[in-house]
Amino acid sequence: MAHLLGAEALGLEYPTTKVFDSVSLGVNEGDRIGIVGRNGDGKSSLLAMLAGRREPDSGRVTVRGGVRVGVLDQADVFDGDQTVGDVVVGDRPEHEWASDPRIRDVIAGLLGDVDWNAPVKSLSGGQRRRVSLARLLAGDHDILALDEPTNHLDVEAITWLAEHLKKRWPPNAGGLLVVTHDRWFLDEVCTTTWEVHDRIVEPFEGGYAAYILQRVERDRQAAAIEARRQNLARKELAWLRRGAPARTSKPKFRVDAANALIADVPQIRDNVALQSLAVARLGKDVVDLLDASVSYDGREVLHDVEWRLAPGERTGILGANGAGKSTLLGLIAGTVEPTGGRVKRGKTVKVATLTQRLDDLDPFLDDPVRVVLADLRSTYTFGSGSKAQELSPSQLLERLGFDGAQLSTPVRDLSGGQKRRLQLLLILLDAPNVLILDEPTNDLDTDMLAALEDLLDSWPGTLIVVSHDRYFLERVTDQQYGILHRRLRHLPGGVDEFLRLRRAEASASESVVASPKPDTAGAPALSGADRRAAEKEASSIERRLDKLGVEVERLHQRMAEHDQSDHTGLHELAGSLRAVEVETAELEERWLELSELIG
């Protein structure tokens with residue numbers, strides 16, 4: 001493979017710390033490299049040096065002649081008065097860029113819902129991020145350096161970006177460098193992982209999952225080496241007692257050793273114990289949304305939502321931007337009142353929400369962290385039974401990545417990620433039994449995300465998560481729901497099913513737009529007997545869906561009331577529930593197709 005870019009003996013220092021010390025590495029054609037590490041260890045600085053945006057204090061970066069490097073920074077920088085089209089394609093004639101299939105794919109994938117002639121300053125943060133990405137991907141580059149490319153993107157846009165990058169940079173074509181905390185994206189796109197730590201850059205083969213496995217093996221080897229060092233005298237004495245030592249071969253530690261190491265790790269969550277504890281704290285009634293609808297200024301956002309939250313339920317919510325996710329969370333939290341139907345709450349329910357904003361910390365900005373903690377409860381219990389742990393606030397902070405020195409730091413001087421973790425700690429110490437997490441992964445690196453997931457594994461209560469971080473969503477929740485066409489529907493197939501339904505919805509819309517002939521524009525897609533037959537079938541499906549909805553709720557209720565020790569009975573109920581959900585999914589997809597045809 002041809003060499004594209006190389007770094008030799010890179011060094012970088014700040015006034016108080018050395019970030020890199022003699023780092024050497026290279027990028028070859030076909031490399032798709034993910035860069036991971038703790039916040040503050042130098043990931044973005046490394047990317048900036050490799051991309052030529054920052055000069056190292058020592059060493060040098062060399063780029064093969066003719067190689068073009070494109071960079072996506074964390075901040076989107078462009079003239080707010082420019083239109084979207086001006087930013088993405090510049091002054092190129094329309095016939096030139098419109099005839100390029102790659103540029104058409106980028107525009108369709110990222111800017112389908114953005115007004116091409118709108119000024120950039122009128123766009124939301126997520127739309128601006130997509131415009132920045134589109135501008136970069138519409139250009140001609142041999143190497144792309146992407147700093148947090150998935151920030152502000154929803155699940156669909158992240159999935160599209162992953163597919164686009166894999167197609168555009170296959171083996172032996174160009175190079176890709178990505179700094180991101182999105183572990184699903186790393187696994188989907190990257191063939192190599194660089195871990196930045198302790199002033200070095202350590203390479204690993206494969207994406208995130210392979211990197212974690214190899215890191216476990218590395219740590220196991222380090223522990224084994226330390227144990228051997230500590231036991232050296234004892235071993236030497238044993239050898240002396242045996243006389244001349246026998247011939248031995250050096251131990252070979254392989255990846256399968258790491259597999260053996262994690263083979264005994266128990267299930268990440270004891271769902272039965274957590275549910276029992278949740279019932280004890282909550283009772284059987286949590287929050288019931290009963291045919292709840294919400295409208296704003298005459299526009300309906302949610303329609304006839306029927307959802308009964310169970311104690312200990314761990315649910316992820318999916319939906320396009322603007323689909324109504326925040327409204328749904330507001331219904332659960334009590335900050336939004338339904339305009340139709342009703343919301344019923346259990347008497348013992350205590351809801352807490354981790355929002356995307358950090359203004360919860362405003363009253364504490366001038367206080368050191370230890371002063372903030374002094375006013376809180378002294379201990380918090382995680383888990384149940386023999387696995388229960390009582391942790392102090394400082395121990396919780398330690399699990400969330402704080403060290404002793406940071407306890408004296410004023411809140412305003414904490415980093416974004418540290419503030420996010422402190423915000424979560426304050427919520428947990430208030431002892432809610434229903435926890436809503438709205439984009440909780442913002443500003444957290446991969447190690448801190450793993451620590452947060454570990455903490456939530458032993459949190460006993462009902463958990464609702466909205467996140468564009470697919471890995472986190474699937475890791476901490478046991479089921480997913482999606483908001484589609486203003487309705488809430490269960491997704492037995494999880495995120496993949498949601499994406500499939502969204503693609504089917506888009507395809508149906510495109511076929512309806514494309515189907516009318518010029519002389520029949522504006523006419524219904526079906527007419528006469530075909531239209532009446534479609535309407536009849538749609539009505540029949542609606543009646544069947546109503547019955548299936550009742551059956552789903554009945555099965556959920558039976559499972560909640562069933563003896564948890566009767567695994568056979570629970571398995572049969574779960575099988576019945578899956579069958580009903582599969583039929584529901586198929587009927588809803590057919591109903592969507594008919595709705596588009598009927599018009």
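Here, Ala, Val, Leu, Ile, Met, Phe, Trp, Tyr, Cys and Pro count as nonpolar, Asp, Glu, Lys and Arg as charged, and the others, Gly among them, as polar. This is a predicted model, where local features need pLDDT of at least 70, side-chain atom pairs count only at pLDDT 80 or more, and totals for chains, interfaces and linings use all residues. Residues are numbered from 1 along each chain as its sequence is written, and side-chain values use heavy atoms, leaving out hydrogens and water.

**View 1. The second largest cavity, about 30 Å³ in volume.** A cavity is a set of points on a 1 Å grid over the protein atoms alone where a 1.4 Å probe fits but cannot get out; lining residues have an atom within 4 Å of a point. Volume means the space filled by probe spheres set on the points, with grid points joined across faces, edges and corners. The lining has six nonpolar, no polar and two charged residues. Helix α15 (residues 416-429) gives the largest share, three residues. (Helices are DSSP runs of H or I, at least four residues, and strands runs of E, at least two, numbered from the N terminus.)

**View 2. The largest cavity, with about 50 Å³ of space.** Among its lining residues are Asp154, Ile317, His468 and Phe498. α6 (155-168) and β12 each supply at least two lining residues.

**View 3. An open sheet of six strands, ordered β14-β17-β18-β12-β19-β20.** Strands pair if DSSP finds at least two bridges between them. β14 (351-354) and β20 (487-491) each have a single partner strand, so one side of each lacks a neighbour in the sheet. Inside β19, Gln479 is the bridge partner of Thr315.

Definitions and conventions:
On a 1 Å grid over the protein atoms alone, a cavity is a set of points where a 1.4 Å probe fits but cannot get out, and a pocket is an open set with protein on both sides within 12 Å along at least five of seven lines; lining residues have an atom within 4 Å of a point.
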